[in-house]
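Colleague: Could you take one exposed spot and look at it closely? Then please follow the chain on to the place where the two copies meet.

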Number of protein chains: 2
Amino acid sequence: MLRDLQLSQVYKLIEPGPVVLLTTAQKGRPNVMAMSWHMMMEFNPPLIACIVSGANHSFAALRKTGECVIAIPTAELASLVVKIGNVSGSDVDKFEALGISSKAAALVTAPLLTDCYANLECKVTDTTLVRKYNLFILEVVKAWIDRTKRNPKTIHHKGFGTFTVDGETLRLRSKKP
Amino acid sequence: MLRDLQLSQVYKLIEPGPVVLLTTAQKGRPNVMAMSWHMMMEFNPPLIACIVSGANHSFAALRKTGECVIAIPTAELASLVVKIGNVSGSDVDKFEALGISSKAAALVTAPLLTDCYANLECKVTDTTLVRKYNLFILEVVKAWIDRTKRNPKTIHHKGFGTFTVDGETLRLRSKKP
């Protein structure tokens with residue numbers, strides 16, 4: 001059950017560094033890739049930087065359409081994340097082949113992933129460093145969260161399919177967002 | 001006990017998205033800040049992008065010297081990380097005030113933090129997007145790791161002093177680095 005999330009809260013989802021799934025759609029054909037090279041750049045409107053390699057089938061769609069969705073999976077989806085990372089959208093329709101649930105987004109052509117904890121609709125706003133580093137700058141234009149997922153635990157990639165799952169929460173006093 | 005770490009292994013430390021500490025030194029005066037807005041950009045030589053706001057006292061030193069160290073603390077240091085984040089280097093010498101252990105780096109003027117699990121000596125290699133977004137691109141020129149720290153657990157910031165600590169490890173089969 002995806003509900004509206006205030007854009008000012010988006011950084012709390014991205015700043016901890018979870019593996020995310022990035023969806024695109026070009027000429028009516030959706031695609032999805034796993035991604036770990038991303039960071040927050042600004043709180044509100046939320047800006048996110050990410051690296052999408054030219055070796056990824058998603059690169060061309062992101063470059064052409066300037067739109068994507070960043071979806072945040074929880075640990076239950078870890079094996080799906082690996083499968084998504086190990087096949088190329090140039091060979092198969094991953095949505096069909098892997099049985100991935102999706103629905104239309106509100107402001108972008110890329111689809112939302114309904115099994116994910118959160119979905120961020122994004123538009124590419126700066127391509128200055130795409131040619132040199134494959135670095136895209138995205139603005140989050142709409143955010144969704146599934147609050148029926150209790151105690152959602154994200155995963156963090158350490159290379160070759162090894163992931164750390166979120167453990168305990170520390171609550172210390174800090175003035176800093 | 002800091003030992004050499006191969007540069008090709010650096011991404012495994014940064015890709016999971018831990019809170020890091022960034023040290024600088026200018027005119028013989030060291031400083032340190034807490035940072036969560038960073039990402040890998042390239043495997044080897046390792047490139048890291050990060051946002052260091054102009055509001056941070058470290059900004060000027062990073063801009064002037066073009067050098068820093070990214071140190072990765074484990075959960076035992078969480079309260080120190082919050083303290084580092086809540087005072088400004090313009091007011092106090094954080095190393096003295098907070099009793100932070102450090103030693104000289106090999107290739108940069110910024111100090112290593114000897115209580116941290118890993119230390120990455122970095123040089124600024126691209127400032128194209130500093131003016132617009134405070135986005136620095138760093139090359140890791142030397143890496144250190146403390147393998148006497150068994151089962152090191154890093155922390156991930158979710159805003160206002162709330163951190164998730166690394167939990168269990170999932171090992172799935174993946175061809176992807």
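Modeller: Start with A:Pro45. A:Pro45 is exposed, because it has 12 other C-beta atoms within 10 Å.

A word on the model before we go on. Residues are numbered from 1 along each chain as its sequence is written, while chains are lettered from A and ligands numbered from 1 in the order in which they are written. This is a predicted model, in which local features need pLDDT of at least 70 and side-chain atom pairs count only at pLDDT 80 or more, while totals for chains, interfaces and linings use all residues. pLDDT is the predictor's confidence in each residue, from 0 to 100. Chain A has a mean pLDDT of 96, and 100% of its residues reach 70 or more. For the complex, the predictor gives an ipTM of 0.97 and a pTM of 0.97.

Back to A:Pro45. It sits in the loop between strand 4 (38-42) and strand 5 (47-51) of chain A. Helices (H or I, at least four residues) and strands (E, at least two) are DSSP runs, numbered from the N terminus. The peptide bond from A:Asn44 to A:Pro45 is cis, with omega near 0°. Most residues other than glycine have a negative phi, and most peptide bonds are trans. In chain B, the bond from B:Asn44 to B:Pro45 is cis too, with omega near 0°. B:Pro45 lies in the loop between strand 4 (38-42) and strand 5 (47-51) of chain B.

What does A:Pro45 touch? Leaving out residues up to four places away in sequence, it touches A:Leu7, A:Glu139 and A:Val140. Two residues are in contact if their C-beta atoms, placed from the backbone, lie within 7 Å. A:Lys132 is 87 residues from A:Pro45 along the chain, and their C-alpha atoms are separated by 26 Å.

Now the two copies. In chain A, 45 residues are in contact with 45 residues of chain B. On the chain A side, two or more residues each come from strand 4, strand 5, helix 3 (78-86), strand 11 (155-157) and strand 12 (162-171). Strand 12 of chain A gives the largest share, ten residues. By class, this side has 20 nonpolar, 16 polar and nine charged residues. Here Ala, Val, Leu, Ile, Met, Phe, Trp, Tyr, Cys and Pro count as nonpolar, Asp, Glu, Lys and Arg as charged, and the others, Gly among them, as polar.

Look along strand 12. Strand 12 of chain A and strand 12 (residues 162-171) of chain B pair in the antiparallel sense over seven bridges. Two strands pair if DSSP finds at least two bridges between them. A:Asp166 has B:Asp166 as its bridge partner, and A:Thr169 has B:Thr164.

These strands belong to an open sheet of four, in the order 11(A)-12(A)-12(B)-11(B), with antiparallel pairing. Its edge strands are strand 11 of chain A and strand 11 (155-157) of chain B, and each pairs on one side only. Within chain A, strand 11 and strand 12 pair over three bridges, and A:His156 stands opposite A:Thr164. Chain B also has three bridges between its strand 11 and strand 12, with B:His156 opposite B:Thr164. The chain A hairpin has four residues between these strands, and there A:Gly159 takes a positive phi near 105°.

Helix 3 of chain A comes next. Its buried residues are A:Ala78, A:Leu80, A:Val81, A:Val82, A:Ile84 and A:Gly85. Among the elements that cover them are strand 11 and strand 12 of chain A, and also strand 12 of chain B.

Last, how do the copies relate? Chain A can be laid on chain B with an RMSD of 0.0 Å, by a turn of 180° and a shift of 0.0 Å along the axis. That is the relation of a two-fold axis. The same surface serves both copies, as 100% of the contact residues of chain A recur in chain B. The superposition is by least squares on the C-alpha atoms of residues with pLDDT of at least 70 in both.

Note on methods
Buried ≥ 20, exposed ≤ 12 C-beta atoms within 10 Å, placed from the backbone.
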